Amino acid sequence: MAEEKKQAGHEQPLPGPRPSIEGAAEFDEDVAKKAAKILREAMKGFGTNEKKIINVTNAYNRAQRMIIIDTYTKEIKRDLIKD
């Protein structure tokens with residue numbers, strides 16, 4: 001059995017995984033805040049706006065998404081995963 005690699009809290013099934021999304025080149029705190037706001041708007045109220053959620057999640061790589069999760073928690077004062 002191939003040795004499994006751990007990366008930021010979850011196990012990778014294959015050795016040497018490559019990122020599937022390149023991410024935004026000019027990613028900063030303001031971009032993370034805007035993404036967090038878009039996600040909150042997409043999930044606020046009854047139902048969700050899946051298109052907005054997909055647009056945000058597909059625009060940023062994993063490391064950037066983890067920053068967005070932290071920013072969401074700090075700015076919105078809610079848990080993104082639970083929302």
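Predicted model: local features only at pLDDT ≥ 70, side-chain atom pairs only at ≥ 80, totals over all residues.

**Entry 1: Asn55**

I began with Asn55, which counts as partly exposed because its relative accessibility is 46%. My cut-offs for that word: buried is under 20% relative accessible area, exposed is over 50%, and partly exposed is in between (1.4 Å probe, protein chains only). Asn55 sits in helix 2.

Residues are numbered from 1 along each chain as its sequence is written, and side-chain values use heavy atoms, with hydrogens and water left out.

**Entry 2: the overall layout**

How many helices and strands does the protein have? I find three helices and two strands. Both kinds are DSSP runs numbered from the N terminus: helices are H or I with at least four residues, strands are E with at least two. Along the sequence the pattern reads β-β-α-α-α.

Of the 83 residues in the protein, 20% are buried. I also noted the surface: the protein exposes about 6,500 Å², and 53% of that comes from carbon and sulfur atoms. Those areas are from the Shrake-Rupley method with a 1.4 Å probe; for residues, only the protein chains shown count as cover.

Next I looked at contacts, meaning heavy atoms within 4.5 Å. Taking those between residues at least 6 apart in sequence, 61% join residues at least 24 apart.

**Entry 3: Ile38**

Ile38 belongs to helix 1. I have it down as partly exposed, because its relative accessibility is 26%. Which residues does Ile38 touch, leaving aside its neighbours within four places in sequence? I find Lys52 and Val56. I also checked Ile38 against Asn49: they are 11 residues apart in sequence and 10.0 Å apart, C-alpha to C-alpha.

**Entry 4: the second largest pocket**

Rolling a probe the size of a water molecule over the atoms shows where empty space is left. For a pocket, I used a 1 Å grid over the protein atoms alone: it is an open set of points where a 1.4 Å probe fits, with protein on both sides within 12 Å along at least five of seven lines, and lining residues have an atom within 4 Å of a point.

The second largest pocket has a volume of about 150 Å³. That volume is the space filled by probe spheres set on the grid points, which are joined across faces, edges and corners.

I wrote down some of the lining residues, among them Leu39, Met43, Val56, Arg65 and Leu80. Helix 1 (29-43), helix 2 (50-59) and helix 3 (62-76) each supply at least two residues of this lining. Which helix gives the most? Helix 3 does, with four residues.

By type, the lining divides into nine nonpolar residues, one polar and one charged. I counted Ala, Val, Leu, Ile, Met, Phe, Trp, Tyr, Cys and Pro as nonpolar, Asp, Glu, Lys and Arg as charged, and the others, Gly among them, as polar.

**Entry 5: salt bridges**

Side chains of opposite charge can pair when their charged atoms come close. I called it a salt bridge when a side-chain nitrogen of Lys or Arg is within 4 Å of a carboxyl oxygen of Asp or Glu. The structure holds four of them.

One joins Lys33 to Glu29 at 3.3 Å, N to O. Both residues lie in helix 1, four residues apart, which is about one turn of the helix. Lys33 is partly exposed at 32% relative accessibility, whereas Glu29 is exposed at 54%.

Another pairs Asp83 with Arg40 at 3.6 Å, N to O. Asp83 lies in the segment after helix 3 and Arg40 in helix 1, so this pair ties together parts that are 43 residues apart in sequence. Is Arg40 buried or exposed? Arg40 is buried, with a relative accessible area of 17%. Asp83 is partly exposed at 29%.

Asp83 also forms a salt bridge with Arg78, with the closest N and O atoms 2.8 Å apart. Arg78 is partly exposed at 37% relative accessibility.

Last, I listed what Arg40 touches beyond its neighbours within four places in sequence: Tyr72, Ile76, Arg78 and Asp83.
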